[in-house]
Amino acid sequence: MNSEQTLTINEKKVSFTPGQTLLEVARENGIDIPTLCYLDRCEPTGSCRICLVEVKGARALVASCAMPAAPGMEVQTESEAVVKARRMVIELLLASGEHNCMTCEANGECKLQDLAYRYQVETIRFSRPMEYFPMESSNPLIIRDFSKCVLCGRCVQACNEIQVNLAISFGYRGARSKIVTKGDVPLEESDCVFCGECVGVCPVGALVEKKARYKGRPWEETKIKTTCSYCGVGCQVYLHVKDGQVLRVTGVEDGLPNLGSLCVKGKFGHEFIHSKERLTTPLIRQADGFRHATWDEALDYVAKRLKEIKEKDGPDSLAGLSSASVTNEENYLMQKLVRAGFGTNNVDHCARLCHASTVTGLATVFGSGAMTNSIAEIEDADVILVIGSNTTETHPVISTFVKRATLGKAKLIVADPRKITLTNFSEVWLRQRPGTDVALINGMINVILSEGLQDQAFIDDRTENFEDLKKAVAEYPPEKVEKITGVPAPDLIEAARIYAKAEKASILYAMGITQHTSGTDNVKALANLAMVTGNLGRPSTGVNPLRGQNNVQGACDMGALPNVYSGYQSVTDPAVKEKFEQAWGVSLPDQPGLTVVEITNAIDEGRIKGLYIMGENPLISDPDVNHVEQVLKKCEFLVVQDIFLTETARLADVVLPGTSFAEKEGTFTNTERRVSRVRQAVQPVGEARGDLEILNDLASRLGLSWTADTAEAVMAEIAALTPSYAGISYPRLEGNGLIWPCLDKDHPGTPILHVSQFTRGLGLFTPVEHREPAEPPSNDYPFTLTTGRILYQYHTGSMSRRCEPLDYLAPRCEVEINPADAAELSISDGDGVMVSSRRGEIVATARVTDIVPAKVIFIPFHYAEAAANRLTIAELDPVAKIPEFKVCAAKLEKVEEAETGEGEEAEASAQEA
Ligand code: SF4
């Protein structure tokens, strides 16, 4: 029970809740107490003593950040004694380093300087000589200027308690005291992951962004709040703009879901916005290259060719690929254009390649396929099972919630073939053989049922088909599972017990689960596991797919899928079709269209002649890209709308320059279903035009009369036709956005799904059986190749590789090879290696590491010059049609030099542009 009590601050009576500190009570009541070391969300240290206050009856001044409020206290925050003490504190702080606040320009955001002015500290009576080199600026991201450091420790707390990267701490003693990395090496040689949290909290300008330094002072910059355009976490950011240029990015401190935290991409990955390689005019193919064209010429030509193909070969000879990187409004218009303008349901996007199996799997078991709970809830779980997700690299800010949870009471179970960073925080690590997840999860359910750990009441009240599940998992005792997965039976049993005994257990998974020919079954197995233990419909529980790209959830929600309109309304439902026909004023096709890989195959077979791609780069992202390349070259008419001349755009007949997230209005929907605003910060480059505008113009050339010509108007149309978005409007998205379903204009949104019943009513236990991956290793191809992302690059690299800080941190494609395999093949770290599969070969650089187990190699897929997808297999999950990116057979050989071909790629791009 929280009973309010009272105390007095500066003669004003205020109430407080037991447990609050004096600082919190003062702030809550609008009373300013200056702070320096105090950091929200961290344990107060009381080390800087700036927040000293006088408490009547106390023998000395007290640090208000650490002093618990007590009833009847009489507090003075600016008494003579307090001011005198603060002056002394400031003087002592100025002694550490080389400060003169009255002359220093710092970065214009120095709290110490503010305090020096506030308390008029003009002279420096003390000095503490520094016994180390004062400046570290060897990397292009962060400068550490130790001459300004006052050892307040905020950066240490931010690193260890907020981001939990554990990269820096206090080092040495006395005059040598310093903030150090492990071994006191430069940041780039340390465990630092350049999230920039330390830079954001440094109160004195000892930590600054190297590139933004001296470019603009805070009062010269305009701050525009928007949503990060990289991963599906959907962090809220400020773009700091001066003279039409984005100078730097900071997190929105009270913005959800990230509360001010960012990762290296969100913080330092913005240079692509102003890249010289941005497309600035439409291009039309001419002989072997392109010529510049006007917008009218390009759009007239596109419309003419699309109409000709449609008339000659029918509407299903056309297809469109929408994009997980553009806004909801643009995705909505793209699927509308394909359905209403082209006259076909052949529309899909790269969600097919990452989470199609989530949609099919969870829709079967629960009735809807999205993250069941919100990101913030993760931190309060008792147990977190992370399976098939290298969260620290793919969803870095979500990983901070997981790591913070483990600092408290939560136990973490990690199931992953690779020794990912989260294994350092885990209670149990299950290292399953790639492609054996169904056996692993069935094995956990087997243990739970045989030990009577299930939630029988939940099973009885909320689910159906339990007996069938019981029968199926009986075939997966731990010893048998050990043989299939390689996971020792005792570890499996321990993991099952930990998960089942938790009051609140949350499952997080990503593409390690979905990108298999058994992807749908993997997802169903996880849903079975959560239902067996009743871990659904409550806070901090659930089955939570972590979506990859910034707006992949939104692109799915908007119906950029061949079988559904926006809000997952089926194209085969006559009532739904009629609703959209009436709203759009056209007749619509009634059969589902083709998926991404099916579209490629249909072009190959001559059934599809015209393809319109908006913001996707299948030549890097699709499986078996050698085949994709041959096929796209055969496509009769290819249009690519993008911000760069990507590998795919180079094959196009017409290239239309779109805009980046910083140049447009709209919304993104993040992985937790939160719809957040995207706001224009700078003008489009050259003659580039907003994707929404391009689609609208093309629609009118195809004879469609659309009236919604702003992003806000398109959102109003979406809300009118999409029940789960019905209550969403731009005014309501101010603040922290809304989490769908949001059913009407007063609905608060729905952070937790399936609270009293599942979307389909009862949860359907769906037994699944282990199947081996499509292409096991063989004598000729003895390695299992698995692919994925790394922290410092993103997707097909078109944005991240155009940001110098990111490319500095991960400049080349590295193949992870286990030390035992490396020794056998005489490969050393840094050697050039050729990796080949039955579909192609690439040359990259060896990284010898025990992150991968023996006979498994890992390659990130971001690098065009060593495109991992030249090797992957286009074998599909039969239900979701997602390819098996995570397993194929490969061969490894040492080559004399890593021929990366980087230069050739860049040159080709320049010539063709
Ligand atoms: Fe952007 Fe994702 Fe990093 Fe957040 S975690 S800053 S959304 S890339």
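# A tour of charges and contacts

Start by selecting Thr648: with a relative accessibility of 0%, this residue counts as buried (buried means under 20% relative accessible area, exposed over 50%, and partly exposed in between, using a 1.4 Å probe and protein chains only). Thr648 sits in the loop between β27 (637-642) and β28 (654-657); helices (H or I, at least four residues) and strands (E, at least two) are DSSP runs, numbered from the N terminus. Now show Leu619 as well: the Thr648 side chain reaches the backbone nitrogen of Leu619 at 3.1 Å.

Before moving on, note that this is a predicted model, where local features need pLDDT of at least 70 and side-chain atom pairs count only at pLDDT 80 or more, while totals for chains, interfaces and linings use all residues. Residues are numbered from 1 along each chain as its sequence is written, and side-chain values use heavy atoms, with hydrogens and water left out.

**Next stop: salt bridges**

Side chains of opposite charge can pair when their charged atoms come close. A salt bridge here is a side-chain nitrogen of Lys or Arg within 4 Å of a carboxyl oxygen of Asp or Glu. How many salt bridges does a search of the whole structure find? The search finds 61.

Select Lys577 and Glu581, whose side chains meet in a salt bridge at 3.2 Å, N to O. Lys577 and Glu581 are 4 residues apart in helix α20 (residues 574-584), so about one helical turn separates them. Lys577 is buried, at 17% relative accessible area, and Glu581 is buried too, at 19%.

Is Arg86 buried or exposed? Arg86 counts as buried, because its relative accessibility is 0%, whereas Glu78 is partly exposed at 34%.

Now try Glu804 with Lys211, a salt bridge with its closest N and O atoms 2.3 Å apart. Glu804 lies in helix α27 (residues 804-809) and Lys211 in the loop between β10 (207-209) and β11 (222-227), so this pair ties together parts that are 593 residues apart in sequence.

**Last stop: the surface**

Finish with Asp40, in the loop between α1 (22-28) and β3 (52-55). At 48% relative accessibility, Asp40 counts as partly exposed.

How values were computed:
A polar contact is a pair of N or O atoms within 3.5 Å; within protein, one must be able to donate a hydrogen and the other to accept it, and residues adjacent in sequence count only if both atoms are side-chain atoms.
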